[in-house]
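Please examine the sequence and the model shown here before reading on. The paragraphs that follow lead through them step by step.

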Amino acid sequence: MVALRSLPELAATISADLAAAKIRHAVSGAVAMAVHGFVRATKDVDILVIVPQIRLPEVFAIVRGQGFQGTDAELIRGLRERGFAELRSGPVRVEILAPVLPYHHTLPDRALSVEISGTSVPFVSLEDLVVLKVLWHRQKDIPDILSLLAAARDFDAAYVRSTLASILPADDPRHAELADWIGRYVRRTE
Amino acid sequence: MPEVPHVPTDEETARRDVAPYLDMTPQERLQVFASLLADMDALLNGRMPVEAPEDPPFWMRWKDPSIGRPS
């Protein structure tokens, strides 16, 4: 059974194997938030993978190689129907996310590479974590957004604004909400 | 008059939550993160964490940004 304390090493190991297989990816979720300066508990490793469907079994085999469970058939069905597949080991989940929006395809391009145990691991950028959480807008996303903004250095507010403008309609209240948060929480903007 | 305890604002909470890590490297932050998760391992002691169901579930938000629009 995989222990929660091993999540950073687990993310690095899976990332190294994905990189060796030349599979574009980026680590997201609470592990990425910790990298950017907001440390909170989780039980998940979230990894966005950008790969043709025919290569998805390779991704699942890499995660199963770390002691996780899930059959190719059920995982592929999960990705087709829900956009993500979940592999479990004890309390730990590895969630494999597949891009749905065109924007999702661009996340690895702006990932922050961090060296962990000799592996350069791509983490979703702080700005993109903010964009994603503004889009999802669950109750738990709001304190995450505020803390990420408070942790930000050299925050690229223009990128966040333009990205949201490309996804959400102009009258969506999330534009004004985020503008207010950026004004109050970010120390140094643009 | 009894003193009313100060309830931290959202901004105070956010700044307090990130203050210890502002000057750390990403690697140092991940060490703190792993230490926090080790505490969770100890608390769980082999039990599975209890999860509150999300409504609507996360995958719907991942696929459709309009679901997150505040009412």
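In what order do the elements of chain B run from the N terminus on? They run α-α-α, and chain B has three helices and zero strands. Here helices (H or I, at least four residues) and strands (E, at least two) are DSSP runs, numbered from the N terminus. The model is predicted: local features need pLDDT of at least 70, side-chain atom pairs count only at pLDDT 80 or more, and totals for chains, interfaces and linings use all residues. Residues are numbered from 1 along each chain as its sequence is written, while chains are lettered from A and ligands numbered from 1 in the order in which they are written.

Chain B has a radius of gyration of 18 Å, whereas a compact globule of 71 residues would have one near 11 Å. This radius is taken over C-alpha atoms, and the globule rule is 2.2 Å times the number of residues to the power 0.38. Of the 71 residues of chain B, 17% count as buried, that is, with 20 or more other C-beta atoms within 10 Å of their own, C-beta atoms being placed from the backbone.

The contact between the chains takes 36 residues from chain A and 32 residues from chain B; two residues are in contact if their C-beta atoms, placed from the backbone, lie within 7 Å. Helix 7 of chain A gives the most to the side of chain A that touches chain B, with five residues.

Helix 7 of chain A is also mostly covered, with eight of its eleven residues buried. Among them are Asp144(A), Ile145(A) and Leu146(A). The cover includes helix 2, helix 6 and helix 9 of chain A, together with helix 1 (10–18) of chain B.

Conventions. Buried ≥ 20, exposed ≤ 12 C-beta atoms within 10 Å, placed from the backbone.
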